[in-house]
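User: I have a structure open and would like to go through some of its residues with you. Shall we begin?
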Amino acid sequence: MFSTKIGILPQAAFLQAYADQAGCFTDCYYVDVPKSVSISETISAFFTTPVFRLERVLLGIFARKPSTDQDVENLASGRSTGLAFWRTERRDQTQLLLAVGDGPIRTWLMVEPANTAQANTRIYFGSAVMPQGVSADGAPQIGLMFRAFLGFHMLYSRLLLTLARRRLLS
């Protein structure tokens, strides 16, 4: 149902800028949705999945960064540029790149019509983590905490994308 995209797409310039940085971690996953969906619909579906709602509740409790479904709708429609820790870094008709606070993490969503005669949309979700230190050989590298949770991050990313697809189809 989902695939991992190896490398970043040429049209994904928002995320590509980070992929080109030495030591920066980037990933990109995608799913196909058998209908036409916009970036606004994708943002709404993604940030209102049950799992992401739980993340938003936990951020509200522990980080004092609450958000509501209305906040999600405001971000999706462009009436707002932020949601809890996330703030819009770049946005256009097909992509949204969010900075996570002032830290090294970026969250990216993109929609692309599939190259078929049917109304299909490919939805992409990716992340970027900028280096925060250097390795023993002096090369830039991402932080230890993110390296430790990389497996969980990859699984969680796929889960969020799968649940967003389900929401878009319901």
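User: Which residues does Thr121 touch, not counting residues up to four places away in sequence?
Analyst: Please note that this is a predicted model. In it, Thr121 touches Val31, Asp32, Val33, Lys35, Ser36, Val37, Val111, Glu112, Pro113 and Ala114.

User: Is Thr121 buried or exposed?
Analyst: Thr121, found in strand S7, has a relative accessible area of 3%. It counts as buried because that value is under 20%.

User: Which backbone atoms does the Thr121 side chain reach?
Analyst: There are two to mention. The side chain of Thr121 lies 2.8 Å from the backbone oxygen of Lys35, and a polar atom of that side chain is 3.0 Å from the backbone nitrogen of Val37.

User: Turning to the largest nonpolar core, which residues touch the most other members?
Analyst: This core has 27 residues, and those touching the most other members are Ile43, Phe46, Phe47, Phe52, Leu75, Leu109 and Ile123. Among the elements that each supply at least two residues are strand S2 (25–33), helix H2 (39–47) and helix H6 (150–169). Another core, apart from this one, has 13 residues, including Cys24 and Met130.

User: What is Leu109 in contact with, leaving aside neighbours within four places in sequence?
Analyst: Its contacts include Ile39, Ile43, Phe46, Phe47, Tyr124 and Phe125.

User: And on the surface, which residues form a nonpolar patch?
Analyst: Leu54, Val57, Leu58, Ile61 and Phe62 form one, with about 530 Å² of accessible area together. Val57 is in helix H3 (residues 50–62) and is partly exposed, at a relative accessible area of 47%.

Technical notes. Residues are numbered from 1 along each chain as its sequence is written. This is a predicted model: local features need pLDDT of at least 70, side-chain atom pairs count only at pLDDT 80 or more; totals for chains, interfaces and linings use all residues. Side-chain values use heavy atoms; hydrogens and water are left out. Patches are made of residues with over 30% relative accessible area and no salt bridge: like charges are joined within 9 Å, nonpolar side chains (Val, Leu, Ile, Met, Phe, Trp, Tyr) within 5 Å. Accessible areas come from the Shrake-Rupley method with a 1.4 Å probe; for residues, only the protein chains shown count as cover. A salt bridge is a side-chain nitrogen of Lys or Arg within 4 Å of a carboxyl oxygen of Asp or Glu. Helices (H or I, at least four residues) and strands (E, at least two) are DSSP runs, numbered from the N terminus. Buried means under 20% relative accessible area, exposed over 50%, partly exposed in between (1.4 Å probe, protein chains only). A nonpolar core is a set of buried Ala, Val, Leu, Ile, Met, Phe, Trp, Tyr and Cys residues joined through side-chain atoms within 4.5 Å. Contact means heavy atoms within 4.5 Å. A polar contact is a pair of N or O atoms within 3.5 Å; within protein, one must be able to donate a hydrogen and the other to accept it, and residues adjacent in sequence count only if both atoms are side-chain atoms.
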